[in-house]
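Here is a friendly briefing on one protein model. Please keep the picture open while you read, and look for each residue as it comes up.

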Amino acid sequence: MSEPALPPLLLIGCGKMGGAMLAGWLELGLPPETVVVEPNAAAVSAFAGRVRHVASIAEIPAGFAPAAIILATKPQEAPNALPALAHLAKPEVVFLSIMAGRTIGGMNAMLGGKARIIRAMPNTPAALRLGFTVACAGPGVSAEQRALSDRLLGAIGEAAWVEEEGLIDPVTAVSGGGPAYVFLLAEVMEQAALAQGLPADLARRMARATVAGSGALLGASTEDAAQLRRNVTSPKGTTERALAVLMREEAWPALMQEAIEAATARSRELAG
Ligand SMILES: NC(=O)C1=CN([C@@H]2O[C@H](COP(=O)(O)OP(=O)(O)OC[C@H]3O[C@@H](n4cnc5c(N)ncnc54)[C@H](OP(=O)(O)O)[C@@H]3O)[C@@H](O)[C@H]2O)C=CC1
Ligand SMILES: O=C(O)[C@@H]1CCC=N1
């Protein structure tokens with residue numbers, strides 16, 4: 001059975017994440033009545049003619065009744081943007097926020113106290129529909145609103161739900177920011193290749209292809225990451241020597257834990 005048509009949406013902020021999500025939703029067949037609020041016209045140029053673009057919340061057409069309002073501005077913009085959207089907070093409208101840190105309670109207060117809110121955390125592979133999003137539904141969200149949000153998040157990759165909102169902070173640290181750590185890996189591998197005398201172009205290609213190829217292998221495999229690592233590590237071989245450095249107690253395992261703790265703490269600081 002084919003899925004019902006998507007209802008019109010209102011997207012607030014069409015930057016890196018908002019734009020990536022919009023691209024996925026357009027593939028699902030988003031109605032052209034969809035409104036995108038984005039002050040930076042260049043950010044929406046790729047979607048010209050497929051959605052209605054306005055530069056500010058004040059310019060949202062009067063009477064427009066979206067089923068879902070996606071909040072994809074920076075968390076710091078919430079105190080400006082959310083009160084201006086309070087008049088749209090009705091039981092039949094679900095707010096789907098991807099803002100780091102901003103809590104359901106804090107957003108609800110800015111939206112007038114009666115909003116139905118889902119707090120979600122996607123990541124940038126959403127641009128290739130390979131994202132991973134974890135979502136949490138706040139009070140009053142209906143089964144239909146949750147199903148619509150699940151469909152929207154499923155259009156940009158995998159979606160998972162948690163009941164405890166506090167878990168979204170470590171999710172933000174692990175999968176929300178996670179792509180940055182992987183890209184950093186490509187950067188430092190390239191630098192290490194250069195340090196061993198490899199030509200710059202080759203160092204760059206090697207690092208990118210190794211990270212991208214390993215990600216694709218992991219994505220296609222049912223084996224644990226640890227087993228895929230072992231598959232590379234010949235006894236008494238070269239990889240074993242490298243891993244003896246990287247897996248030292250104070251090295252990657254401890255550093256990653258510290259990094260995730262720092263990002264989780266920052267997510268909690270952004271709360272409100
Ligand atoms: N980037 C990522 O990997 C992820 C980001 N997020 C979350 O997504 C949100 C957006 O992040 P990201 O896409 O990286 O940021 P961007 O800065 O790329 O996008 C935010 C966009 O919102 C626009 N904007 C600013 N004020 C308003 C307003 N009042 N109404 C409508 N649009 C407005 C900005 O315009 P201008 O630049 O002109 O100010 C900008 O284009 C953040 O809350 C972040 O925490 C979540 C998961 C991953
Ligand atoms: O760095 C940030 O705050 C956002 C949230 C996760 C990824 N980017």
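In which loop does Gly138 lie? Gly138 lies in the loop between strand 7 and helix 5 (143-154). Helices (H or I, at least four residues) and strands (E, at least two) are DSSP runs, numbered from the N terminus. This is a predicted model, in which local features need pLDDT of at least 70 and side-chain atom pairs count only at pLDDT 80 or more, while totals for chains, interfaces and linings use all residues. Residues are numbered from 1 along each chain as its sequence is written, and chains are lettered from A and ligands numbered from 1 in the order in which they are written.

**The whole chain**
- The protein chain holds 11 helices and eight strands.
- Its C-alpha trace spans about 70 × 40 × 35 Å along the principal axes.
- Of its 272 residues, 31% count as buried; a residue is buried if 20 or more other C-beta atoms lie within 10 Å of its own, exposed if 12 or fewer, and partly exposed in between, with C-beta atoms placed from the backbone.
- Take the contacts between residues at least 6 apart in sequence: 65% of them join residues at least 24 apart. Two residues are in contact if their C-beta atoms, placed from the backbone, lie within 7 Å.

**Back to Gly138**
- Gly138 counts as partly exposed because it has 19 other C-beta atoms within 10 Å.
- Neighbours within four places in sequence aside, Gly138 is in contact with Ile104, Arg116, Ile117, Ile118 and Arg119.
- Phe95 is 43 residues away from Gly138 along the chain, and their C-alpha atoms are separated by 9.9 Å.

- Two strands pair if DSSP finds at least two bridges between them.
- Strand 1 also pairs with strand 2 (residues 35-37) in the parallel sense over three bridges, where Leu11 stands opposite Val36.
- The largest nonpolar core has 51 residues, and those with the most contacts inside it are Leu11, Ile70, Leu71, Phe95, Leu96 and Ile118. Such a core is a set of buried Ala, Val, Leu, Ile, Met, Phe, Trp, Tyr and Cys residues joined through C-beta atoms within 7 Å.
- In soluble globular proteins, nonpolar side chains tend to be buried together.

**Helix 6**
- Buried residues in helix 6 (residues 168-176) are Ile168, Asp169, Val171, Thr172, Ala173 and Gly176.
- Among the elements that cover them are strand 6 (116-121), strand 7 (131-137), helix 7 (178-195) and helix 11 (252-269).

**The two ligands**
- Ligand 1 is surrounded by 27 residues, the closest being Gly13, Gly15, Met17, Met99 and Ala100; a residue counts as near if its C-beta atom, placed from the backbone, lies within 6 Å.
- The shell around ligand 1 divides into 14 nonpolar, nine polar and four charged residues. Here Ala, Val, Leu, Ile, Met, Phe, Trp, Tyr, Cys and Pro count as nonpolar, Asp, Glu, Lys and Arg as charged, and the others, Gly among them, as polar.
- Around ligand 2 are Ala100, Thr172, Gly176 and Gly177.
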